[in-house]
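Please open the model in your viewer and keep the selection panel at hand.

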Amino acid sequence: MSEHEQPWSREEFEARLRAKEKFYHIQHPYHVEMAAGKLDREQIQGWVANRFYYQIKIPVKDANIVANCPDRDTRRLWIQRIHDHDGWGEDAGGIEAWTRLGEAVGIPREELWSLERVLPGVKFAVDAYVNFARNASWQEAACSSLTEMFAPTIHKQRLAGWPDQYPWIEAEGLAYFRKRVSQASRDVEHGLAITLDHFKTREQQERALDILQFKLDILWTMLDAMWLAYVDKKPPYFNVPA
């Protein structure tokens, strides 16, 4: 077996997965401007409204992973992600928390849930992610969730910066970010263990890196669409006469 065919050690494989952080959407100009307090109200609202489409599709994605998984112990752990977003018992869940974020930035609940602000590019990207989870093996779909390795940093960034940079946003709207810091860290532990256990050969490990890059591409593409619409002021069909 040549050097290029030799599987990476578990430690090196994990390091290569974590090295993908340089492609995380925290580096996208939209997020860079957001973190610097430079976005206006319309741009913040546009991000919240479009990201909401991603939020409501997360439990759908996870339900597909559960449906494709024959292992009871894995399902028992993974289903917690659905509860986190849809809610369970007295916990209203992450989708409701994002709805309150929408209200905090000035988007009425009914308008947010109508999805009328969702850009076609965002919809296509998110739907591609759900379709991947539906059609891939459950291990591959679990691997695609590993962008969560990088998520706590971005949530902490918003919690630290937004109260001063965007004082017009009601503070209680930031509850989603506070909760996801711990939830994402817990989820990473499980998703990473599945990935490191399943992708054993060098070919499989490289496939896992490609899957993670695919998910990173999804997140980046969503922001490309938002930048075009809300920063460059070129929403879909902007040049077509009414």
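Begin by selecting arginine 207 and glutamate 140, which form a salt bridge with their closest N and O atoms 3.0 Å apart; the term denotes a side-chain nitrogen of Lys or Arg within 4 Å of a carboxyl oxygen of Asp or Glu. This pair links distant parts of the chain, since arginine 207 belongs to helix H11 and glutamate 140 to helix H8, 67 residues apart. Helices here are DSSP runs (H or I, at least four residues), numbered from the N terminus. Arginine 207 is partly exposed at 37% relative accessibility, whereas glutamate 140 is buried at 17%. Buried means under 20% relative accessible area, exposed over 50%, and partly exposed in between (1.4 Å probe, protein chains only).

The model is predicted: local features need pLDDT of at least 70, side-chain atom pairs count only at pLDDT 80 or more, and totals for chains, interfaces and linings use all residues. Residues are numbered from 1 along each chain as its sequence is written, and side-chain values use heavy atoms, with hydrogens and water left out.

Next, select arginine 81 and glutamate 148, whose side chains meet in a salt bridge (3.0 Å, N to O). Arginine 81 sits in helix H4 (residues 72-86), and glutamate 148 in the loop between helix H8 (138-144) and H9. Both partners count as buried, arginine 81 at 3% relative accessibility and glutamate 148 at 14%. For a linked group, display Glu96, Arg100, Glu103 and Arg109, which are joined in a network of salt bridges. The structure holds 13 salt bridges.

Move to threonine 195 in helix H10 (residues 175-198), a buried residue with a relative accessible area of 0%. Its side chain reaches the backbone oxygen of glycine 191 at 3.0 Å. Not counting residues up to four places away in sequence, threonine 195 touches Phe13, Leu17, Cys143, Leu146 and Ala208, where contact means heavy atoms within 4.5 Å.

Which cysteine sulfur is closest to that of cysteine 143? It is the sulfur of cysteine 69, 15 Å away and too far for a bond. The structure holds 0 disulfides, a disulfide being a pair of cysteine sulfur atoms within 2.5 Å.

Finally, colour the largest nonpolar core, which has 62 residues; among those with the most contacts inside it are Leu17, Ile44 and Trp47. Such a core is a set of buried Ala, Val, Leu, Ile, Met, Phe, Trp, Tyr and Cys residues joined through side-chain atoms within 4.5 Å. Its largest share, 13 residues, comes from H11.

Technical notes. Helices (H or I, at least four residues) and strands (E, at least two) are DSSP runs, numbered from the N terminus. A polar contact is a pair of N or O atoms within 3.5 Å; within protein, one must be able to donate a hydrogen and the other to accept it, and residues adjacent in sequence count only if both atoms are side-chain atoms.
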